[in-house]
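Trainee: I would like to learn how to read a model of this kind, one feature at a time. Could we begin with the ligand and then turn to the backbone and the surface?

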Amino acid sequence: MTKIKFFGTRDYEKDVALNWAKENNVEVSFSDDFLSYDTLDQLEGFDGVTTMQFGKLEKEAYPKLEEMGIKQIAQRTAGFDMYDLDLAKKHGIIVSNVPSYSPETIAEYAVAAALNLVRKFPQIEKRVQDYNFTWESSIMAKPVKNMTVAILGTGRIGAFAGKIFAGFGAKVVGYDLYPNDSLDFLEYKDTIEEAIKYADIVSLHMPASKENHHIFDKEMFAKFKDGAVLVNAARGAVIDTEALIDAVNSGKLSGAAVDTYEFEMPYFTFDWTGKALEDETFKKLIENEKIQLTPHIAFFSDEAVRNLVEGGLNAALNVITKGDTPTRLN
Ligand code: NAD
C-alpha cells in the first residue's frame, strides 16, 4: 500500500485526511512536526509527503530527500516561497501547492470585516459592555448601496468580493495590473490612486511581491477618502503597518480590518496566552480599538480545509503513481 507522510498536521485536518486515505486505499501517517532536515528521518519507509510549511526548507534537505527516494513535496497552501524550486528540480523533486481552495471564503471574510466596520460594531460592542445604550452620530451607519468600494487585485478572491459588494448595490471600482473584462459588475480605474480616491471601503486582494511591498504607506493613505475603511485579507507586507496605525489614529481612516501582518510568523497560528509580546507594532495593532486583527484566518472554513488536505494528498499521490501532478510548480 502507498504510504504518505502528513507533516505539519492540525487536528482539524485529520478526519478529512483519514476519509481520503480510505477512499484512495493509501496509508496516511500524521506528524505534528514540519518538514525539515532534522525531521527527514520520519520519511523512512514512506513513498511521499504532504506538509503545511511556513519557514524555509533548508537547502541540505533536497539532496537528502533525493537520496531517500522521495520524488515530491506537496504543500497544503497556495504560498510556496518556503521552497527553492530550482534546487528541488535539480534533485528530481516535484514541488506542488494548492493554488485555490475556497476564494469565496476569503471574499466573504473581506465583506464581513468591512460590514463590521461600517456598522461600527466594535464601537457599539464596547459601549454596550459599559452599559451605554444610547444612540449618537459616532455609531450611525451608512448603507453599503450608497458607498463606493475599491477592489485592489481582481483575481480569484477580489472578483468574488467585488461581486458580493455589487450585490449590496455598491458602486464597485477596481484596479489590477491585468484587468479582467468579464467582471462586468466593476469599473476599472487606471491606477490605485484613482480607485481609492472616492472609495468608502478599500479591500486588498493583491499578492505580496517585491513590487507590492508597502504600496500602502503614509503617502498612499493620505490619498484615501476621509473616513474610509481598509480591509487587508491579502498579505501583511503590502502595508506599512505603522503608517496604517497613524492613518487610523489621525481619523483619516475610520477603521481597518487586517487578517495578515508583515511579521506575523512568530505569532500566527500559535497560542501566546500569558506570554509577553515583543513586537511593539503588533501590540499596537491588537490594542487599537478601530483595528480588527484576526490571525490569518480569512480562509478558514470547512470547505477550504477539505480542499487543502485533499489537494495536498492528491498531488502527492499523482506524483507517486503517475510521475506528475497538475499543481506542480517546478
Ligand atoms: P490571484 O492571483 O487570483 O489574484 C491576485 C490579483 O492581484 C491578480 O489579478 C494580479 O494581477 C493582481 N495584482 C498583482 N499586483 C497588483 C497590484 N500592484 N495592484 C493591483 N493588482 C495587483 O490571487 P487570489 O487567489 O485572488 O489571492 C489574492 C491574495 O489573497 C493572495 O496573493 C494571498 O496573498 C491572499 N490570500 C489570503 C488568505 C487569507 O487567509 N488571508 C488566503 C488565501 C490567499
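Trainee: How far is an oxygen atom of the ligand from a polar backbone atom of F299?

Mentor: Keep in mind that this is a predicted model. An oxygen atom of the ligand and a polar backbone atom of F299 are 3.1 Å apart. Taken alone, the ligand exposes 870 Å², and the protein buries 84% of that.

Trainee: Which residues are closest to the ligand?

Mentor: The ligand is surrounded by 22 residues, of which R156, I157, D176, N212 and D259 are the closest. For D176, a polar side-chain atom lies 2.6 Å from an oxygen atom of the ligand, whereas A233 places a backbone N or O atom 3.3 Å from a nitrogen atom of the ligand.

Trainee: What should I look for in the backbone?

Mentor: As a general idea, most residues other than glycine have a negative phi, and most peptide bonds are trans. Here N25, in the loop between α1 (14-24) and β2 (27-30), has a positive phi near 55°. The peptide bond that joins F268 and T269 is cis, with omega about 10°, and T269 is found in the loop between β11 (253-258) and α10 (280-287).

Trainee: Which residues gather in the patch of negative charge on the surface?

Mentor: In reading such a patch, like charges are joined within 9 Å. In this model the negative patch on the surface consists of E104, E108, D302 and E303. At least two of its residues come from each of α4 (103-118) and α11 (302-322), and E108 has its place in helix α4.

Key. Residues numbered from 1 in each chain as written. Predicted model: local features only at pLDDT ≥ 70, side-chain atom pairs only at ≥ 80, totals over all residues. Heavy atoms only, no water. Patch = residues over 30% accessible without salt bridge, like charges linked within 9 Å, V, L, I, M, F, W, Y side chains within 5 Å. Areas by Shrake-Rupley, 256 points an atom, 1.4 Å probe, with all protein chains shown as cover. Salt bridge = Lys/Arg side-chain N within 4 Å of Asp/Glu carboxyl O. Lys, Arg positive; Asp, Glu negative; His and termini not counted. Charge placed at Lys NZ, Arg CZ, Asp CG, Glu CD. Helix = DSSP H or I, 4+ residues; strand = E, 2+ residues; numbered from the N terminus. Near = heavy atom within 4 Å. Polar contact = N/O pair within 3.5 Å; in protein donor to acceptor, adjacent residues only side chain to side chain.
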